[in-house]
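Please look at the fold before reading on.

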Amino acid sequence: MASTLTQLHITLMQPTDLGEVLDLYEHYVLNSTCTAQTERYTPAQRADWLAVHHPDRYPVMVARAQAGGPVIGWASVSPWSPRQAYARTAEESVYVAPSHHGRGVGRAVLWALIEHVPRHTSIRVLVARIVHPNPASESLHRACGFRPVGLMRYCAEKFGQPLDVLLMDRHL
Ligand SMILES: CC(C)(COP(=O)(O)OP(=O)(O)OC[C@H]1O[C@@H](n2cnc3c(N)ncnc32)[C@H](O)[C@@H]1OP(=O)(O)O)[C@@H](O)C(=O)NCCC(=O)NCCS
């Protein structure tokens with residue numbers, strides 16, 4: 001079994017990281033039910049994603065095994081709802097490159113996000129939508145203080161497969 005990476009380099013995403021971040025994500029878009037997205041981003045959608053994830057509003061943390069190395073994982077907050085009263089709530093996402101699963105990257109980058117967000121934004125509640133079952137993601141979120149809110153049955157379909165979604169939240 002691969003060992004835990006103890007010397008991770010975790011930073012705020014820079015615009016120059018966008019390609020690596022979304023390439024990593026799109027591996028799961030195309031090959032997994034762990035995200036409900038089914039299509040790759042167009043270049044215009046990539047630019048929009050970057051604009052939404054401005055570090056003052058919806059930051060993204062990226063993990064590298066060493067400074068200057070490739071992005072091996074990332075965690076983000078994104079808008080939960082356009083209705084103004086939900087401004088304190090954001091959707092959280094976390095993705096680790098398949099080659100680095102089970103080595104502590106997800107836990108480290110999600111904790112970095114949990115510590116960063118309340119210090120630098122007005123977000124106070126994180127919500128995770130986890131396509132069920134996803135034992136790795138559910139365990140990771142529980143380990144980082146998320147609690148289950150409820151199970152939405154057959155609210156999605158991907159690769160012709162009906163999907164349930166577990167909602168979890170964490171107050172910051
Ligand atoms: C889910 C994911 C982000 C976890 O990241 P990771 O770096 O592999 O996880 P870590 O090594 O940091 O493990 C942290 C905790 O998660 C849990 N965990 C990780 N992998 C697990 C697995 N295969 N089964 C059960 N629990 C697991 C454990 O509680 C672990 O803590 P422990 O090491 O003290 O036992 C990663 O597997 C991934 O990117 N999966 C595909 C994308 C995805 O599902 N993203 C989430 C969408 S909601």
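Strand β4, helix α3 (residues 105-120) and strand β5 make a right-handed β-α-β unit. Right-handed means that, with the strands pointing away from the viewer, the path from the first strand over the helix to the second runs clockwise. Helices (H or I, at least four residues) and strands (E, at least two) are DSSP runs, numbered from the N terminus.

This is a predicted model: local features need pLDDT of at least 70, side-chain atom pairs count only at pLDDT 80 or more, and totals for chains, interfaces and linings use all residues. Residues are numbered from 1 along each chain as its sequence is written.

Seven strands form an open sheet with mixed pairing, in the order β1-β2-β3-β4-β5-β7-β6. Its edge strands are β1 (9-12) and β6 (147-158), and each pairs on one side only. Neighbouring strands are turned by 25 degrees against each other on average, direction ignored. Two strands pair if DSSP finds at least two bridges between them.

| Strands | Sense | Bridges |
|---|---|---|
| β3 (residues 71-79) and β4 (residues 89-96) | antiparallel | seven bridges |
| β4 and β5 (residues 125-132) | parallel | three bridges |
| β5 and β7 (residues 161-171) | antiparallel | eight bridges |

A90 in β4 stands opposite P79. The bridge partner of A90 in β5 is L126. H132 has D164 in β7 as its bridge partner.

Helix α1 (residues 18-31) lies across β2 (60-64), β3 and β4. This helix runs at about 85 degrees to β3. Axes are lines fitted to C-alpha atoms, for helices over the stretch in contact (C-beta atoms, placed from the backbone, within 7 Å). Angles run from 0 to 180 degrees between N-to-C directions.

Note on methods. Two residues are in contact if their C-beta atoms, placed from the backbone, lie within 7 Å.
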